[in-house]
Amino acid sequence: MNKTMNSIKNHKYWIATAVVLFAAILILYPYGIYNSLTLETTRPEAIKIAEDFLQKQGYDLTGFFKDAFIDNSPVENKYLLKQLGTKEFKKIQNNSDWALRGWSVMIYQNLSKELPQTSYTIDISHDGKVLGFKRSLPNTKTITSLNEKQAADLIANYINTQTKLNLGDYKSSQTKQDNLGQRIDYTFQWDRKSDKVDGKHIIYGYVQGNQIGGFQKSFEVPEAERKYVEAGDALYTIASVIFVILLMILAFFLFLKKYHQGEVWLSLGRNIFIV
């Protein structure tokens, strides 16, 4: 019994550190639900889905390069987790209105920065569905242009007939016109308020000259809440750095203490810090 008590006493600092780490894990557990979200579609599969989609749209991808990056919408997902709680947050993950994790596939020509080039960004959901795409053209590309009404009719018809989105559920909120000299590009925006949290679903439609430039869907977090989440992330990062520094100082202090007591040698400390 005495031997056990002495062992606990001799390692009380390490035990205290373990307790602090365990408490930190418990505190951060809700975000663990967010971080553990999985992607059923692999990176090569997402690239192939994006490539097939563009080719079906009639785009020639000869000589184009492909790449893909995980898009987990950190601000949006953390906001929804905070507002809905773990149970409801899990439920909405398979709802197309809340497709907030997946792949962002880039298909590009990889030319010198000085040369104009065409590129595509395709949004792929966690389960392999195409959520949207956007084409980027050189400003010098000449295309016969439409007026605003013609462009709005073109993109609205495309979204309603060629995608699973229904603009009838949304309200037109904004139109942006870019006169590039060689053509006129339009960006149209439709909004719908969320019925679950404070925020809105947004659909963007793009017309380049007289051609479809793409469509995208997103969820917009209220600005105050966005700043709150971003501030929380920044605070967590700073706190993590401080915690690691304090942990290193504690380890160094304990090593010196054990060294002066003759329980460890300098070679042990050297090996630990090298690792």
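**View 1. Ser-145 and the residues it touches.** Ser-145 touches Arg-183, Ile-184, Gly-209 and Asn-210, leaving aside residues up to four places away in sequence; a contact here means heavy atoms within 4.5 Å. This is a predicted model, where local features need pLDDT of at least 70 and side-chain atom pairs count only at pLDDT 80 or more, while totals for chains, interfaces and linings use all residues. Residues are numbered from 1 along each chain as its sequence is written, and side-chain values use heavy atoms, with hydrogens and water left out. You'll find Ser-145 in the loop between β4 and α6; helices (H or I, at least four residues) and strands (E, at least two) are DSSP runs, numbered from the N terminus. The side chain of Ser-145 reaches the backbone nitrogen of Ile-184 at 2.7 Å. That's a polar contact: a pair of N or O atoms within 3.5 Å, where within protein one must be able to donate a hydrogen and the other to accept it, and residues adjacent in sequence count only if both atoms are side-chain atoms. The C-alpha atoms of Ser-145 and Asp-185 are 7.9 Å apart, though 40 residues separate them along the chain. With 30% relative accessibility, Ser-145 is partly exposed, a label for values between buried (under 20% relative accessible area) and exposed (over 50%), using a 1.4 Å probe and protein chains only.

**View 2. Helix α6 and its buried side.** Helix α6 runs over residues 148-162 and spans 21 Å from its first C-alpha to its last, close to the 21 Å expected; that expected span is 1.5 Å times one less than the number of residues. Tucked away in α6 are Ala-151, Ile-155, Tyr-158 and Ile-159, which are buried. They sit on the same side of α6 because they cover an arc of only 95 degrees around the axis, taken from the directions from the helix axis to the C-beta atoms. The buried residues of α6 pack against α4, β4, β6, β7 and β8.

**View 3. Two aromatic pairs.** There are 10 aromatic pairs in the structure; rings of Phe, Tyr and Trp (its six-membered ring) pair if their centres lie within 6.5 Å, with planes under 30 degrees apart stacked, over 60 edge-to-face and the rest tilted. Phe-53 and Phe-133 make an edge-to-face pair, 5.4 Å centre to centre with 65 degrees between the planes. Phe-53 is in helix α4 and Phe-133 in strand β4, so this pair ties together parts 80 residues apart in sequence. Phe-133 is buried at 0% relative accessibility, and Phe-53 is buried too, with a relative accessible area of 15%. The pair of Tyr-59 and Tyr-120 is tilted, since the ring centres are 5.1 Å apart and the planes meet at 50 degrees. Both Tyr-59 and Tyr-120 are buried. One aromatic cluster takes in Phe-53, Tyr-59, Phe-64, Tyr-120, Phe-133, Tyr-158 and Phe-215.

**View 4. The largest nonpolar core.** The largest nonpolar core holds 32 residues, and Leu-54, Val-105, Ile-107, Ile-122, Phe-133 and Ile-159 touch the most other members. Such a core is a set of buried Ala, Val, Leu, Ile, Met, Phe, Trp, Tyr and Cys residues joined through side-chain atoms within 4.5 Å. Helix α4 supplies the largest share of this core, 5 residues.
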